[in-house]
Amino acid sequence: MKKITLIACAVLAFASCQQKEVVEDTLPMKVAKAYGFDNFDQVNSIAYTWNVQRDSINVFTRDWKWNLRENTVYYSGPDTTMTYSLDADSLPPVDRGFINDKYWMMYPFQLAWDTGYNWDSEENVASPIAGTNATKLTIVYNSEDGYTPGDAYDLYLDENYKILEWTFRKGNGPDGRTWTWENEQSFGPITMATDHKGQDGKRVIWFTNVKVD
């Protein structure tokens, strides 16, 4: 799950947030706004630790700080610590991890930032894990952009356009894996979910040390 947001698009999207431009109120935009997208011009930086339960014993972690004003990323993991610019002509290999982890943390906002996708929706669909009646929003990325082009996401939304569960389907294949979106918290002017559980009810990916300035 390592889709990239094109840097140019991210910069333009961030600029549009600052300028409060009027955008089409599509279902994806309603999801982004439900998490505070309209307030993103108040955000200077976002820091967090991404945690994944690799097996019954080992937890793998990565620390990130995304400075939106300077368009830089700080990374600290078991292999190295570094800061790099998103404006660079060539991005380091760790950027794949940044994009992956950012999607788990900020996917509602990616719906506003990303441009290379098509979407469709279906009402009154049972979510795969809890069986909750939901609106199913399907996002299919194009086959050209990103680290892993052509991926698809099925988002199961409640009546407030919040994500209950999401399914990742590699290459827009028929089958995928589903996780919950839980423990939503307000961090400054935006809201983010910090826990993702699998179909067995066990927490698989979660975020700690979250700080929004």
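Good morning. The second largest pocket of this structure has a volume of about 180 Å³. That volume is the space filled by probe spheres set on grid points, which are joined across faces, edges and corners. A pocket here is an open set of points on a 1 Å grid over the protein atoms alone, where a 1.4 Å probe fits, with protein on both sides within 12 Å along at least five of seven lines. This is a predicted model, in which local features need pLDDT of at least 70 and side-chain atom pairs count only at pLDDT 80 or more, while totals for chains, interfaces and linings use all residues. Residues are numbered from 1 along each chain as its sequence is written, and side-chain values use heavy atoms, with hydrogens and water left out.

Let me stay with the pocket. Its lining consists of 11 residues, and those nearest the centre are Glu24, Thr26, Met29, Leu111 and Tyr117. Helix H2 (27-34), helix H3 and strand E5 (117-126) each give two or more residues to this lining. Helices (H or I, at least four residues) and strands (E, at least two) are DSSP runs, numbered from the N terminus. Lining residues are those with an atom within 4 Å of a point.

What classes of residue make up the lining of the second largest pocket? It has 7 nonpolar, 2 polar and 2 charged residues. In this scheme Ala, Val, Leu, Ile, Met, Phe, Trp, Tyr, Cys and Pro count as nonpolar, Asp, Glu, Lys and Arg as charged, and the others, Gly among them, as polar.

Met29 belongs to helix H2 and is buried, with a relative accessible area of 8%. Buried means under 20% relative accessible area, exposed over 50%, and partly exposed in between, for a 1.4 Å probe and protein chains only. Met29 and Tyr161 are separated by 132 residues in sequence, yet their C-alpha atoms are 9.6 Å apart. Leu111 sits in helix H3 and is buried too, at 2% relative accessibility. From Leu111 to Val31 there are 80 residues in sequence and 7.7 Å in space, C-alpha to C-alpha.

I turn now to helix H3 itself. How far does H3 span between its end C-alpha atoms? This helix, residues 94-113, spans only 21 Å, whereas a straight helix of 20 residues would span 28 Å at 1.5 Å a residue. The expected span is 1.5 Å times one less than the number of residues. A kink of about 95 degrees lies at Met106, shortly before the proline Pro108. The bend at a residue is the angle between axes fitted to the seven residues ending there and the seven starting there. H3 is also mostly covered, with 19 of its 20 residues buried.

Next come two loop residues. Asn71, in the loop between strand E2 (59-67) and strand E3 (72-76), has a positive phi of about 60 degrees although it is not a glycine. Asn172, in the loop between strand E8 (163-169) and strand E9 (177-180), likewise has a positive phi of about 60 degrees without being a glycine. Most residues other than glycine have a negative phi. Is each asparagine buried or partly exposed? Asn71 counts as buried because its relative accessibility is 12%, while Asn172 counts as partly exposed because its value is 36%.

Finally, I mention three further residues. Ser127 lies in the loop between E5 and strand E6 (133-141) and is buried, at 3% relative accessible area. A polar contact of 3.0 Å joins its side chain to that of Glu165. Such a contact is a pair of N or O atoms within 3.5 Å; within protein, one must be able to donate a hydrogen and the other to accept it, and residues adjacent in sequence count only if both atoms are side-chain atoms. Ser85, in strand E4 (residues 81-85), is partly exposed at 28%. Ile205, in strand E12 (residues 203-212), is buried at 5%.
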